[in-house]
Amino acid sequence: MTGSGPLRALLEQLEDRLRAFGAPVVDAFRPGAPLEQVRAAIAAEGLSAHDDLVTWWGWHDGSDAGGVAADYSGPGIYFRPENTLVGPWHVISLDDALRIRRWWRSTAPQLVPEDWLPVLQFEGTPVLCADDAAELHILDEGFPEPPPPQFGSLAEFVAAVIRLFDEGLVVPHPEDERVPWFDAASLEGDLRRLCFW
C-alpha cells in the first residue's frame, strides 16, 4: 500500500475487519494506483490532488467488479458484492470517479462544485465526493444546492465504518450473507451520517 499518515493506518484497520468478516471485496480489490499516476490523473481534470485522495486510491484503485463498458460515459457502476465496502457503500476506481464527475458536471453543474471528486458510490444515485480540502459531501439529486460537509475527511469516514464493525453493527446482508451490511435504523449519533443526509 502507498500513502502515509492516519488515513493509511485506518485503511489497514478497515481491510483487516473486512477480511475477518469474509467480505468479497477483499479478494476483488484492485492494487493501489501509483501515487504519481493518481496525482497526474486528478490534476489533468483541473483538480487538486489532496494527499488523502492519493492515499485512498493508492490503497486500492477500486475493485475488479462493477466496471462498465469502456465507452460508457454515464454515472454510476454495477453494484455487486465484490465492490461493496459495507452496504450500501461501494468502492469506485479513480477512472470511475473521474467519469462520474464529468457526467454530473455536464448534467447538473449547479449541484457539483468544480472542486468535487467522487470517492464512493451509495446504492442508487448518491455519491460521496471530496472537495479540494478533502472534506466529504453527498452529491444527490435531492439537494437543491451543494450541501455542507458530511464528513470532515476520508479518515473520519473510514473511522466511522470501523466503528460499525467494532460496535457489532455490521451484519450479513439479508440477500447475500458474505456481504457486510448495516441496518440504517440501528445507527445512532454521528454514525447516522453514513446513510442519512
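How many nonpolar, polar and charged residues are in the lining of the second largest cavity? The answer comes in the second close-up. First, a word on what you're looking at: this is a predicted model, where local features need pLDDT of at least 70, side-chain atom pairs count only at pLDDT 80 or more, and totals for chains, interfaces and linings use all residues. Residues are numbered from 1 along each chain as its sequence is written, and side-chain values use heavy atoms, with hydrogens and water left out.

**View 1. Helix 1 meets helix 4.** Helix 1 (residues 6-21) packs against helix 4 (residues 51-59) at an angle of about 30°, and their axes are 10 Å apart. So helix 1 is roughly parallel to helix 4 (angles under 35 degrees count as roughly parallel, over 145 as roughly antiparallel, 65 to 115 as roughly perpendicular and the rest as oblique). On the helix 1 side you'll find Leu-7, Arg-8, Leu-11, Leu-14 and Glu-15, which meet Asp-52, Thr-55, Trp-56 and Trp-59 in helix 4; contact means heavy atoms within 4.5 Å. By class, that's five nonpolar, one polar and three charged residues. Helices here are DSSP runs of H or I with at least four residues, and strands are runs of E with at least two.

**View 2. The second largest cavity.** Its volume is about 30 Å³. Around it sit Phe-29, Trp-56, Trp-57, Trp-59, His-60, Gly-62, Val-91 and Ile-92. Helix 4 gives the most to this lining, with three residues. Back to the opening question: the lining of the second largest cavity divides into six nonpolar, two polar and no charged residues. A cavity is a set of points on a 1 Å grid over the protein atoms alone where a 1.4 Å probe fits but cannot get out, and lining residues have an atom within 4 Å of a point.

**View 3. Helix 3 meets helix 4.** Helix 3 (residues 35-44) and helix 4 pack at about 125°, with their axes 9 Å apart. The two are therefore oblique to each other. Leu-35, Val-38, Arg-39 and Ile-42 of helix 3 make the contact with Asp-51, Leu-53, Val-54 and Trp-57 of helix 4. Sorted by class, the contact has six nonpolar, no polar and two charged residues.

**View 4. The largest cavity.** This one has a volume of about 40 Å³, and the count of cavities of 30 Å³ or more comes to two. Ile-42 and Leu-53 are among the lining residues, along with Asp-115, Asp-131 and Asp-132. The whole lining has five nonpolar, one polar and three charged residues.

**View 5. The largest pocket.** Here about 240 Å³ of space is on show; a pocket is an open set of points with protein on both sides within 12 Å along at least five of seven lines. Of its 18 lining residues, Gly-67, Val-68, Ser-93, Asp-95 and Asp-96 are the closest to the centre. Helix 5 (residues 94-107) provides the largest share of the lining, three residues.

View 6. Most residues other than glycine have a negative phi, and most peptide bonds are trans. Gly-87 and Pro-88, though, are joined by a cis peptide bond, with omega about 15°. Pro-88 is in the loop between strand 1 (84-86) and strand 2 (89-91). Ala-134 isn't a glycine, yet has a positive phi of about 65°. Look for Ala-134 in the loop between strand 4 (127-130) and strand 5 (136-139).

Key
Axes fitted to C-alpha atoms, helices over the stretch in contact; angles between N-to-C directions. Nonpolar A, V, L, I, M, F, W, Y, C, P; charged D, E, K, R; others polar. Points joined across faces, edges and corners; volume = space filled by probe spheres on them.
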